[in-house]
Amino acid sequence: MSRATILKNHKQFENVIENIIRYAQDIIVDLPHKKKKPTTDEKKMLVEALLLRACALWENFIEKEIVLLIDLDPSKLLNEFDLPEDTDVNPKLIRAIIFSDHYRDFHDIDRSMSFFDRVIVDKNNTFKKITKQRKGKINFIYKLRNYLAHYSEFSKINLLRAYKQEPYNYKRFLEPGLFLIKQKGKHFEDLVDNFKMSSINMRIIFR
């Protein structure tokens, strides 16, 4: 697998995220030329759906990234899974090795780093380039996502704790849709754009 293929994966992901942000802005901001403006409730539901889509795209991007990075140099993967050094690997086999034994998710980068370190050689490990601040934003996005996916009391408590911390400092619980459309969608744009910027940080090593 070439580095060009990896960069293509990044660029495609970044472009889709930019489109999601533009679509959200069009929904949230009541521009004068709009003939039919969505209601506040419609805006909230639509941006919540867009946030869930952005999270799904991030997870898909991460899964592709892992396979592509390992394919550049599969030595650590072969060692981790106790496979012969001369195993003829390809992206399809790599995916099967990683994902066939049990379900894995990698949206929590910090939690996943030990696994990445075991299967991706250091010089190709783009995940090391994601900053602590960007990881924090991703973790916050997934608190929103988990609440929207389950509406459980546990996920609500976790989200409220996150609201109370910097940089938001909200003292009361806000439904995700209301939070995301506040300040003309500033929260939505900042959080979803963080996915794109994380991708940009990651691909720096292949310049």
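Biologist: What does glutamate 48 touch, not counting residues up to four places away in sequence?
Modeller: In this predicted model, glutamate 48 touches Leu148, Tyr151, Pro176 and Gly177. Glutamate 48 itself lies in helix H2.

Biologist: How do you know that glutamate 48 has no salt bridge?
Modeller: The nearest side chain of opposite charge, lysine 44, is 7.3 Å away. A salt bridge needs a Lys or Arg side-chain nitrogen within 4 Å of a carboxyl oxygen, so glutamate 48 has none.

Biologist: Which residues have the most contacts inside the largest nonpolar core?
Modeller: Trp58, Phe127, Phe179 and Phe195 have the most contacts there, and the core has 59 residues. Helices H1 to H8 are the elements that give two or more residues to this core. H2 gives the most, with 13 residues.

Biologist: What makes Tyr163 and Leu191 contacts of phenylalanine 179?
Modeller: Contact means heavy atoms within 4.5 Å, and both residues are in contact with phenylalanine 179.

Biologist: Which residues lie closest to the centre of the largest pocket?
Modeller: Of its 13 lining residues, the closest are Gly136, Phe140, Gln165, Glu166 and Pro167. H6 and H7 are the elements that give two or more residues to the lining, and H6 gives the most, with 6 residues.

Definitions and conventions
Residues numbered from 1 in each chain as written. Predicted model: local features only at pLDDT ≥ 70, side-chain atom pairs only at ≥ 80, totals over all residues. Heavy atoms only, no water. Core = buried A, V, L, I, M, F, W, Y, C linked by side-chain atoms within 4.5 Å. Buried < 20%, exposed > 50% of the residue type's maximum accessible area, 1.4 Å probe, protein only. Helix = DSSP H or I, 4+ residues; strand = E, 2+ residues; numbered from the N terminus. Lys, Arg positive; Asp, Glu negative; His and termini not counted. 1 Å grid on protein atoms, 1.4 Å probe; cavity = no way out; pocket = protein on both sides within 12 Å on 5 of 7 lines; lining within 4 Å.
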